[in-house]
Amino acid sequence: MAAKISYADVEAGTELPAQSFPVTRATLVRYAGASGDFNPIHWNEKFATEVGLPDVIAHGMFTMAEAVRVVTDWVGDPGAVVEYGVRFTKPVVVPNDDKGALIEVSAKVAAKLDDNRVRVDLVAVSEGQKVLGMSRAVVQLA
Amino acid sequence: MALDQSFVGRTYPPTAPYEVGREKIREFAAAVGDENPAYTDREAARALGHSDVIAPPTFAFTITFKAAEQVTQDPQLGLDYSRVVHREQRFAYVRPLRAGDRLSVTSTIEAIKSLAGNDILDVRGDVHDESGELVVTAWTKLVARAAEEA
């Protein structure tokens, strides 16, 4: 593994560069195809509202995939992610327009662990609501 | 109706091998807008110490989620999948998935709980490569929401 970030250069509290990820209906169709998750709540408004959702929502796994990019872009090597877990707390609602929704992700080093590993805590927000809870990654640094 | 607790600890037979394709990795990385060259450029992946292009961390779910259908569609378990939501997901990686891997998943029911009429199901998927080495473990928590009173 070849992380670009050195363990010695990182302290608990170090912030990773925050990023925002846009998501439109077209994004969701593309993700459905790539992931094989064709649940209609991610593309069919009528179906989504019938099961009690406000509108079409993004795949939780899409949001999870975007959030970890803050970590993989920072560390350079995506293979340096040793553990990654999230709780899906609120759906990312994706309106049927060309603007869609925005997933805003920030992260910081929460703890330095043994063996040059650190725990990174992530915060993902859409429309002012936290969409992921307990979002944490353990990363192997150089 | 609450799910049968006797299913806790049940392990399902390993799935037929899934071969990780480099174009499938490319498609997945493009779908999440991730331009990290480790996903598409073998030389860039090698420069990071990998033998071939690797898959994004959450790619593993596309394999474990299909494998977990053995559990979620098990007629004996009787989960109402139309009411299921994905509540939590966690991965522990031994190494990243890479192009050419032939992976088999063994799904195990780790826990079944009933809370306010909701059924909560914890499924662990152990992903092994062709040589039998563990590559990644995925923990998936699903909740089948209580049906409304008729």
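What share of the contacts in chain B with a separation of 6 or more comes from residues 24 or more positions apart? In this predicted model, such pairs account for 69% of those contacts, a contact being defined by heavy atoms within 4.5 Å. The model is predicted, so that local features need pLDDT of at least 70 and side-chain atom pairs count only at pLDDT 80 or more, whereas totals for chains, interfaces and linings use all residues. Residues are numbered from 1 along each chain as its sequence is written, chains are lettered from A in the order in which they are written, and side-chain values use heavy atoms, with hydrogens and water left out.

Chain B contains four helices and five strands, arranged along the sequence as β-α-α-α-α-β-β-β-β. Helices (H or I, at least four residues) and strands (E, at least two) are DSSP runs, numbered from the N terminus. The C-alpha trace of chain B spans about 60 × 30 × 20 Å along its principal axes. Of the 150 residues in chain B, 50% are buried, that is, under 20% relative accessible area with a 1.4 Å probe and protein chains only. Chain B exposes about 7100 Å², and 50% of this area is supplied by carbon and sulfur atoms; accessible areas come from the Shrake-Rupley method with a 1.4 Å probe.

The largest nonpolar core comprises 71 residues, among which Trp74(A) and Tyr84(A) touch the most other members. Such a core is a set of buried Ala, Val, Leu, Ile, Met, Phe, Trp, Tyr and Cys residues joined through side-chain atoms within 4.5 Å. A second, separate core has 14 residues, including Leu3(B), Phe7(B), Val71(B) and Ile109(B).

Between the two chains, the contact involves 32 residues of chain A and 30 residues of chain B. The area buried between them is about 2600 Å², with 59% given by carbon and sulfur atoms; buried area is the accessible area (1.4 Å probe) that two parts lose on being put together, summed over both. On the chain B side, Ala31(B), Val32(B) and Leu48(B) lose the most area to chain A, together 20% of what that side buries.

Helix α1 of chain A covers residues 25-35, and its buried residues include Leu28(A), Tyr31(A) and Ala32(A). Elements of both chains cover the buried residues of α1(A), including β1 (15-23) of chain A and α1 (22-31) of chain B. After α1(A) comes Gly36(A), which has a positive phi, near 85 degrees.
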